[in-house]
Amino acid sequence: MDTSSKENIRLFSKNSMQPVGRLSFKTEYPSSEEKQPCCGQLKVFLGALSFVYFAKALAEGYLKSSITQIERRFDIPSSLVGIIDGSFEIGNLLVIAFVSYFGARLHRPKIIGAGCLIMGVGTLLIAMPQFFMEQYKYERYSPVSNSTLSISPCLLDSNNSLPIPVVEKSQSKINNGCVQTVAIIGPIFGFLLGSLCAKLYVDIGFVNLDHITITPKDPQWVGAWWLGYLIAGIITLLAAVPFWCLPRTLPRSRSREDSSSSSEKSKFIMDDHMDYQTPPGEKAKIMEMARDFLPSLKSLFGNPVYFLYLCASTVQFNSLFGMVTYKPKYIEQQYGQSASKANFVIGLINIPAVALGIFSGGIVMKKFRISVRGAAKLYLGSSVLGYLLFLSLFALGCENSDVAGLTISYQGTKPVSYHERALFSDCNSRCKCSETKWEPICGENGITYASACLAGCQTSTGSGKTTIFNNCTCVGLAASKSGNSSGMVGRCQKDNGCAKMFLYFLVIAVITSYTLSVGGIPGYILLLRCIKPQLKSFALGIYTLAVRVLAGIPSPIYFGVLIDTSCLKWGFKRCGSKGSCRLYDSNAFRHIYLGLTMMLGIMSILLSTAVLFTLKKNYVSKHRSFRTKRERTMVSTRIRKENCTTSDHLLQPNYWPGKETQL
């Protein structure tokens, strides 16, 4: 199902009868009255396939957008979230190579329909834990009464060092390329759906939302992550229905058969009829096809251009998959944006730039009729320029938030080193606070404290989101004031300069995405033209398999493992085990996230350069071989002419009638 949509359309529209000759082709074509049903069925197939690609891309896009929500809901580190994200591709590992090989010879519409059913059920299963788990719990300070003055948070924690959880639960409520275009639109809707669900509380419908004391910007906020999977699963199941009503094959129209166009499209769609057809009265034999599997695989990997391009694409997709998976998280942690806003800007700005880049690359290839070597140069050039632009993102980061004991001292005068990080100080020593708690409050001095207890707060007024903590000794210490100061629920916002950096980041990210995606179509054309026509379906299947297994599965995992090393404050579960990260070191996160992406990008550029040199070498070799062959042909022709002239002269008769008379 993940092979090229063009290959699906081409093989579906083939006639199942074995051709005998040119005349037999014409006798098998339907009359003009019979052409309309054929065209109608082909349009149904195109529409259904487009809808499948949309549903699949929607589910994949939504998975990327819900990463941070899943991490917080199940209180797990980024490395484990990476395994969950990578496991989305494991099903492809099991079947994609065989489906791409045997699917070209079997009932492809029903194979696609079965794949849709399996994928739809799997997507629905992802949401099921929400309905079997206990209610979501988050840590917060809870006043003991509704009066305007409550007991001291500091003294409250002195008797109980464990967090006081509040339990709340809820529930919420055809043209060539049209298929690829829809596949690009899918992630846009996936991220926009993720943005919408991130605004809804995870247990919406089960609790009174007025009692929720956190906002979508709070690090502990979890959106209705499960709702998007229910929607995506239902859409995928609906996409499977049309394929069970379609025939195995459709006859091609006369105009296509008689067409002598040499364009890439006609070459791709109108390949040799004999390569894929089964003779009348015979069925495809699985064992006979299986015998050709290993030789076909050997032929593919023996092609140096294909192999090098496969390696270059796999490394580049490692870079891109890891970057896209953690991009919402990067925007949240680096620029202090909510998960909803991060998903919104990615879906509405970033992905359309990718679609425009792919479209632009196709236009350039078609307008200028670029050769294979030209396609390789365009692919390489877009990668080089794109990663050079990406390099500028290192300068567009925000500094760490001021968190007492983690990024700055309690006096607020200097940053603290790794060995000096300590949440306890003289100002909160008598409070006997819990070090594992993360109930951040923002002091009036602009410094965030891990909890009201660690801020040394003595009293509080109000309730819920409007709670104000008073007489906080640590806040007064950092403010260099005599006496105590106050604080409010939630983390302090980053400075105004960070918002400006976020805008610059969006602009550069959009331009970079566009530039990198311009090489998509040239690379795809390079892939198609470097292999034998009869191996195209198999080659595309192996390519998709390699990209998904060697990039889609591992890259989110090792990206997550390295990102976890930048965590400053870990959360803890009730059982005492480590949970999800509450606070990251912004500088370390930026260097790891961008640095790893850049390193993989450089490796892919080097491999792409090798592809170009291999093409050039093959071109020179073939050109020399052609010249040598042409020279030999010319010499052979000249010798043959000379021999013919000599033989004609020698074969002339020495006697003819009337010779003596003439003499």
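1. A residue counts as exposed when its relative accessible area is over 50%, and as buried when that area is under 20%. Arg 369 has 74% relative accessibility, so this residue is exposed. The model is a predicted one. Arg 369 lies in the loop that runs between helix 18 and helix 19. Its phi is positive, about 50°, though Arg 369 is not a glycine.

2. Asp 75 also deserves a look. Its phi is positive at about 55°, and Asp 75 is not a glycine either. For background, most residues other than glycine have a negative phi. Asp 75 sits in the loop between helix 4 (67–73) and helix 5 (78–86). Is Asp 75 buried or exposed? Its relative accessible area is 14%, so Asp 75 is buried.

3. Helix 7 covers residues 108–127. Its 20 residues, at 1.5 Å each, should span 28 Å. The end C-alpha atoms are 30 Å apart, which agrees with that expectation.

4. Which residues of helix 7 are buried? They are Arg 108, Pro 109, Ile 112, Gly 113, Cys 116, Met 119, Gly 120, Thr 123 and Ala 127. These residues cover an arc of only 135° around the axis, so they sit on the same side of helix 7. The general rule is that an α-helix has 3.6 residues a turn, so residues three or four places apart point the same way. Turned away from the buried side is a face of helix 7 that carries the exposed residues Ile 118 and Leu 125.

5. Next, a helix pair. Helix 19 (residues 372–391) and helix 21 (residues 496–518) have axes that come within 7 Å. The axes cross at roughly 165°. Angles over 145 degrees count as roughly antiparallel, and helix 19 and helix 21 are therefore roughly antiparallel to each other. Their crossing is left-handed. On the helix 19 side, the contact residues are Ser 382, Ser 383, Leu 385, Gly 386, Tyr 387, Leu 389 and Phe 390. Helix 21 meets them with Ile 508, Ile 511, Thr 512, Thr 515, Leu 516 and Val 518.

6. A second pair is helix 18 (residues 339–367) with helix 22 (residues 520–529). Their axes come within 7 Å and cross at roughly 55°. Helix 18 and helix 22 are therefore oblique to each other. Helix 18 makes the contact through Ile 358, Gly 361, Gly 362 and Met 365. Helix 22 contributes Ile 521, Pro 522 and Ile 525.

Notes. Residues are numbered from 1 along each chain as its sequence is written. This is a predicted model: local features need pLDDT of at least 70, side-chain atom pairs count only at pLDDT 80 or more; totals for chains, interfaces and linings use all residues. Side-chain values use heavy atoms; hydrogens and water are left out. Helices (H or I, at least four residues) and strands (E, at least two) are DSSP runs, numbered from the N terminus. The expected span of a helix is 1.5 Å times one less than its number of residues. Buried means under 20% relative accessible area, exposed over 50%, partly exposed in between (1.4 Å probe, protein chains only). The arc is that of the directions from the helix axis to the C-beta atoms. Axes are lines fitted to C-alpha atoms, for helices over the stretch in contact, and angles run from 0 to 180 degrees between N-to-C directions. Angles under 35 degrees count as roughly parallel, over 145 as roughly antiparallel, 65 to 115 as roughly perpendicular and the rest as oblique. A crossing is left-handed if the near helix is turned anticlockwise from the far one by less than a right angle, and right-handed if clockwise. Contact means heavy atoms within 4.5 Å.
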